[in-house]
Amino acid sequence: DVCSSDLVVMPLVGTMSKQQEHVYAAEASISHGQTFNSIEAAQRFADQVTSTKWWTDAYPEIVRLEVTKFSSASCSCARPDIEKGVGQVFLAAGMLNVMTLLHEAAHCVVPKGVGHEATWVRAYLKIVYQTLGSDMYLDLYNAFKIHNVDVG
């Protein structure tokens, strides 16, 4: 099972941090953005994100996100492999969208074990801002505040 203890699992509420269910509630209240029609389309998007100057400057240790289809319909996961410079993102068939991919990307750029704490929230917000712009950033930020997510 690829969703083992060294992966960050979504949406198994309560498995990684005290505020995880608040993060998921906030995300459920906003748009998930573009839906990808295939894992290949999600990979192309991830490649566009990681090839930008802001990404390479901010996260030089993760040079690529490798997107793989996950066997679960409702569980997406992430695992950074710093030694290889890769963030492994496993997307469930029912979660092939921009926001889930960026959520998992944020797990690849924070220290292992951070879960959904403020450090991860700030990374996620930064990635959303740089990738999708200020409107989506503000939607997510405001949803986090409404749902009592500690943004640090």
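These are my notes on the fold of a predicted model and on two of its residues, Q19 and V89.

**Ground rules.** I'm working on a predicted model, where local features need pLDDT of at least 70 and side-chain atom pairs count only at pLDDT 80 or more, while totals for chains, interfaces and linings use all residues. Numbering starts from 1 along each chain as its sequence is written, and side-chain values use heavy atoms, with hydrogens and water left out.

**Overall.** I looked up the secondary structure and got six helices and four strands (DSSP runs numbered from the N terminus: helices are H or I, at least four residues; strands are E, at least two). From the N terminus, I read the order as β-α-α-α-β-β-β-α-α-α. Of the 152 residues, 49% count as buried (under 20% relative accessible area, 1.4 Å probe, protein chains only).

**Q19.** I found Q19 in the loop between β1 (8–10) and α1 (20–28). Is Q19 buried or exposed? Q19 is buried, at a relative accessible area of 10%. Its side chain reaches the backbone nitrogen of D150 at 2.7 Å (a polar contact is a pair of N or O atoms within 3.5 Å; within protein, one must be able to donate a hydrogen and the other to accept it, and residues adjacent in sequence count only if both atoms are side-chain atoms). Leaving aside neighbours within four places in sequence, I listed the contacts of Q19 (heavy atoms within 4.5 Å): H116, E117, A118, V121, N148, V149 and D150.

**V89.** Next I checked V89, in strand β4 (residues 86–92). V89 counts as buried at 1% relative accessibility. Its C-alpha atom is 6.6 Å from that of L65, 24 residues apart along the chain. Not counting residues up to four places away in sequence, V89 touches several residues, among them L65, V67, C77 and C108.

Notes: Buried means under 20% relative accessible area, exposed over 50%, partly exposed in between (1.4 Å probe, protein chains only).
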